[in-house]
Amino acid sequence: MGGCSVLGRIWGVWWRRPGVRAVPKAPGFGTEAGHRLRPRGSSKRSRPLGGQPFPGLLQLENLSREELVDVLRAAVVDQKGKPGELTLFSVLPKLSQSLGLGDQELQVVQASGKETSGLVLLSSCPQTASRLQKFFIHSRRAQRPTATYCAVTDGIPATSEGKIQVALKLEHVDGVDLVIPVKSPSRKDFQEGVKRTLSHFRVVAMGSGCALVQLQPLTVFPSQLQVHMVLQLCPVLGDHTYSARVGTVLGQRFLLPAESTKPQRQVPDEALLRRLCLTPSQAAQLPLHLHLHCLHLPGMRPGEAPMKLLAPLPSYFSRTLQCLGLHQQ
C-alpha cells in the first residue's frame, strides 16, 4: 500500500476550522489485535496543557505554524513505500518538506467529520488511493462496516444494539448547512439530494444516565452519526449543533421539529455537570465525544491478510469515561 500514511495522534484537536482530524493518546481501549497507532516522535514545541478541563485538547489558535507542523509530523505512525503525511491544508508545503516528500501531492482517503477525533488516512500514491477508495465503496455496497466510532451519549438508547435507518438531507438554514431527517421521501426527494442512511450501534457501557456506544456507519453523509443518535433521543456529548432537537418534559425526552430548531450549545443537566466536574461555562466548550477508533483495510500487498488500524481515545474522552463510571466490557 505504497505512499499511505495514517495519523496516530495529535493530542486532540477541538475542530473550530477545517483540517486534519486528531487521534489523542489514551490507554486501555481497543485491545484487540491490529495495528495500534503510536507516534514516531514527540513535538518539542508543543505547549503544556495542565489545568484545562479537557486534558489533551489542543487549541489550534494557540499554535504557530511551526508548532503545528511539529505536532503533525510526530503524529505520523505508519509509512509504507513512498513517504506519506498528515496535514492541515494551510501547512501542507512545510510539512511535506519536513517529511522529505518534496512536491508530492496528498489525497485524503478516509476521514471523519471536522469536530470528530480519530483516524485520518492519506496517500501520496494515486494508485493506492484509488484502490482504497474502491475498497470502501465495495464494502458499503456489501453493507460491510469498515469504520468503528466510539461515542459518549447524553442518555441511554432504548435497546442495547440495533440499526438506525433514516433518509437525510442537507438544508441551508440561517446561513448554516444543517442535516434534516426526511419522513417518507419521494422519488423527487432522492433526485434533489435526499439520501437513505444506515448505521449500526451497540451499547458498550452505561451509567450516570449516559452510555458508551460503538457506532458503525454503513453510508456516508455529513453529521450522520450525530443525527442518528439524536433520533435515538441520546445526543452525543458535546454535540452543540443537533442536541437541541431533543427536548425534555417531566423527565421524558421527545424530538423537536428539526426544521424549526436552531443549533445551540448543549446544556447538560446539573447532575451530569457535577459528575463531569464542569461549570456551565466549561460545558459550553465541551468537545464532541465522537472518535473514529478503528479502520479495517485490505492487505498491504496482493495476497496479504486484511489489517486493522486502532487509535487510542483522547485523554479528555478517557477522563469523561472515568467521571461517568463507564468501562468497556
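**Val249 and onward: a chat**

Trainee: What relative accessible area does Val249 have?

Mentor: Val249 has 46%, which makes Val249 partly exposed (buried is under 20%, exposed over 50%, partly exposed in between, with a 1.4 Å probe and protein chains only). This is a predicted model, where local features need pLDDT of at least 70 and side-chain atom pairs pLDDT 80 or more, while totals for chains, interfaces and linings use all residues. Residues are numbered from 1 along each chain as its sequence is written, and side-chain values use heavy atoms, without hydrogens and water.

Trainee: Where does Val249 sit?

Mentor: Val249 is in strand β12, residues 246-249. Strands here are DSSP runs of E with at least two residues, helices are runs of H or I with at least four, and both are numbered from the N terminus.

Trainee: Salt bridges next. How many in the whole structure?

Mentor: The search finds 4, each a side-chain nitrogen of Lys or Arg within 4 Å of a carboxyl oxygen of Asp or Glu. One of them joins Arg253 to Asp154, with the closest N and O atoms 3.1 Å apart. Arg253 lies in strand β13 (residues 252-255) and Asp154 in strand β7 (residues 147-154), so this pair ties together parts that are 99 residues apart in sequence.

Trainee: Is Asp154 buried or exposed?

Mentor: Asp154 counts as buried, at 12% relative accessibility. Arg253 is partly exposed, with a relative accessible area of 31%.

Trainee: Which residue does Lys262 bridge to?

Mentor: Asp174, at 3.8 Å from N to O. That pair also links distant parts of the chain: Lys262 is in the loop between β13 and α6 (270-276), Asp174 in the loop between β8 and β9, and they are 88 residues apart. Both Lys262 and Asp174 are exposed.

Trainee: And what does Glu192 pair up with?

Mentor: Glu192 forms a salt bridge with Lys188, the closest N and O atoms being 4.0 Å apart. Both Glu192 and Lys188 are exposed.

Trainee: Back to Asp174. What phi does Asp174 have?

Mentor: Phi of Asp174 is positive, about 50°, although Asp174 is not a glycine. Most residues other than glycine have a negative phi. Asp174 belongs to the hairpin of β8 and β9, which has 2 residues between the strands. The relative accessible area of Asp174 is 60%.

Trainee: How many bridges join β8 to β9?

Mentor: There are 7 between β8 and β9 (residues 176-182), and the two run antiparallel. Strands pair if DSSP finds at least two bridges between them.

Trainee: In which sense does β8 pair with β10?

Mentor: Antiparallel, over 8 bridges, between β8 (residues 161-173) and β10 (residues 195-207). Ala167 stands opposite Arg196 in β10.

Trainee: Helices now. How far does α3 reach?

Mentor: From first C-alpha to last, α3 (residues 126-141, 16 residues) reaches 23 Å, close to the 22 Å expected. The expected span is 1.5 Å times one less than the number of residues.

Trainee: Which residues of α3 are buried?

Mentor: Thr128, Ala129, Leu132, Phe136 and Ser139. They cover an arc of only 100° around the axis, which puts them on the same side of α3; the arc is taken from the directions from the helix axis to the C-beta atoms. On the other side of α3, Pro126, Gln127, Lys134 and Arg141 are exposed. Just after α3, Gln143 takes a positive phi of about 55°.

Trainee: How many residues of α5 are buried?

Mentor: In α5 (residues 224-231), 7 of 8 are buried, among them Leu225, Val227 and Met229.

Trainee: Where is Ser223 relative to α5?

Mentor: Ser223 is in the loop between β11 (210-217) and α5. Phi of Ser223 is positive, near 55°, and Ser223 is partly exposed at 25%. After α5 comes Leu233, with a positive phi near 65°.
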